[in-house]
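Q: Please take a close look at the side-chain contacts in this model, both the charged ones and the aromatic ones. Which residues take part, and where do they lie?

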Amino acid sequence: MGFIKDMKSGTLGVEAKKAAEAGRTVFTPRLNMPSSQPGMSSDIDTWGQMIAAIEAEGWTLSHWAVGVDTKGRGEAYPLFRRA
């Protein structure tokens, strides 16, 4: 895994852990489309790694939505609940 991917996954893992420790029952991060994959149809491994880091903290992916930001880049809006 590259440095940037590690950093993104690690950051979301830490945020997910803090949310759990605070007693939150839902966690709702925003995942940006990697700049290396604009318009490509393929596995977005960065998103998978971020989801895995969040689920490693006891969260379960409940819902998923995808949209486009103001600059036309894809964004995902996953909703996680405590397992």
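A: A residue counts as buried when its relative accessible area is under 20%. In this predicted model, D69 has a relative accessible area of 16% and is therefore buried. D69 forms a salt bridge with R73, with the closest N and O atoms 3.0 Å apart.

The structure holds two salt bridges. E75 and R30 also meet through their side chains, at 3.4 Å from N to O.

Turning to the aromatic side chains, the count comes to three pairs. F27 and F80 form a tilted pair, 6.5 Å centre to centre with 45° between the planes. Because F27 lies in strand β1 and F80 in strand β4, the pair ties together parts 53 residues apart in sequence. Both F27 and F80 are buried. The rings of W47 and W64 have planes at 70° and centres 5.7 Å apart, so that pair is edge-to-face. W47 is in helix α2 (residues 45-55) and W64 in strand β3 (residues 59-68), 17 residues apart. W47 is buried at 8% relative accessibility, while W64 is partly exposed at 38%.

F27 and F80 also belong to one aromatic cluster with W59. The charged end of R82 sits over the ring of W59, 4.8 Å from the ring centre.

Technical notes: Residues are numbered from 1 along each chain as its sequence is written. This is a predicted model: local features need pLDDT of at least 70, side-chain atom pairs count only at pLDDT 80 or more; totals for chains, interfaces and linings use all residues. Side-chain values use heavy atoms; hydrogens and water are left out. A salt bridge is a side-chain nitrogen of Lys or Arg within 4 Å of a carboxyl oxygen of Asp or Glu. Buried means under 20% relative accessible area, exposed over 50%, partly exposed in between (1.4 Å probe, protein chains only). Rings of Phe, Tyr and Trp (its six-membered ring) pair if their centres lie within 6.5 Å; planes under 30 degrees apart count as stacked, over 60 as edge-to-face and the rest as tilted. Helices (H or I, at least four residues) and strands (E, at least two) are DSSP runs, numbered from the N terminus. A charge sits over a ring if NZ of Lys or CZ of Arg is within 6 Å of the ring centre and within 35 degrees of the ring normal.
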